[in-house]
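Please look over the structure below before reading on.

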Amino acid sequence: VCGSGVLGGQIAFQSAFHNFNVVAFDVDREVLKKLEARLSLLGEAFKKDLGSTQAEVEQAISRVTFSTDLAEAVKDADLVIEAIPENLSIKKEFYKTLGGLAPARTIFCTNTSTLLPSMFAEDTGRPERFLALHFANNIWRQNTAEIMGHANTDPAVFDTIVDFAKKIGMLALPIRKEQPGYILNTLLVPFLR
């Protein structure tokens, strides 16, 4: 998981809780230190809201490692979930770098809720293995995962990510046509107005 802010940390913990080994990457060592402390708080939320045990929480925390070295973080990755700031130029630069470091098999997902995958798919160097995997905040309770590809996403890769979302306890919401707002924001924004 690249980007260890609020949602990136939740994605890392959710995935680790469901038995995946996770590397939490961030360029800022202080952000990673804060995430290390926040994992225990997430564990408390899992115990309170989901009835998880202390042993389950400890096992999840043990599956998360931390890195400020992108090459090291992704060298064995099957999946990279990007949760960096919602800025197109930052994302484009990140994916150009990531594409040269990750193994050819690695699938890239963006957690964006405002940008379309097609806006930076070519920057990944592997557009057929790139799509959006969007989570809502407090993902252990709001357990939806919107999966949206673009015109060149490989359908088998799309299905793999739908399956992954289910494996980490999400209600998978496959979106078969690229559209702004995905599902949740398309419904939410009119309510907010």
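Helices (H or I, at least four residues) and strands (E, at least two) are DSSP runs, numbered from the N terminus. By that naming, E122 sits in the loop between β4 (107–110) and β5 (130–135). The model is predicted: local features need pLDDT of at least 70, side-chain atom pairs count only at pLDDT 80 or more, and totals for chains, interfaces and linings use all residues. Residues are numbered from 1 along each chain as its sequence is written, and side-chain values use heavy atoms, with hydrogens and water left out.

**Accessibility**

Buried means under 20% relative accessible area, exposed over 50%, and partly exposed in between (1.4 Å probe, protein chains only).

| Residue | Relative accessible area | Class |
|---|---|---|
| E122 | 57% | exposed |
| E72 | 43% | partly exposed |
| F20 | 30% | partly exposed |
| F164 | 11% | buried |

E72 belongs to helix α4 (residues 70–74). Its C-alpha atom is separated by 24 Å from that of I168, 96 residues apart along the chain.

**Aromatic rings**

Rings of Phe, Tyr and Trp (its six-membered ring) pair if their centres lie within 6.5 Å; planes under 30 degrees apart count as stacked, over 60 as edge-to-face and the rest as tilted. This rule gives 10 aromatic pairs. F20 and F164 make an edge-to-face pair, with 5.1 Å centre to centre and 70° between the planes. The pair links distant parts of the chain, 144 residues apart: F20 is in the loop between α1 (6–17) and β1 (22–25), and F164 is in helix α6 (residues 155–167). One aromatic cluster is formed by F94, Y95, F108, F120 and F130.
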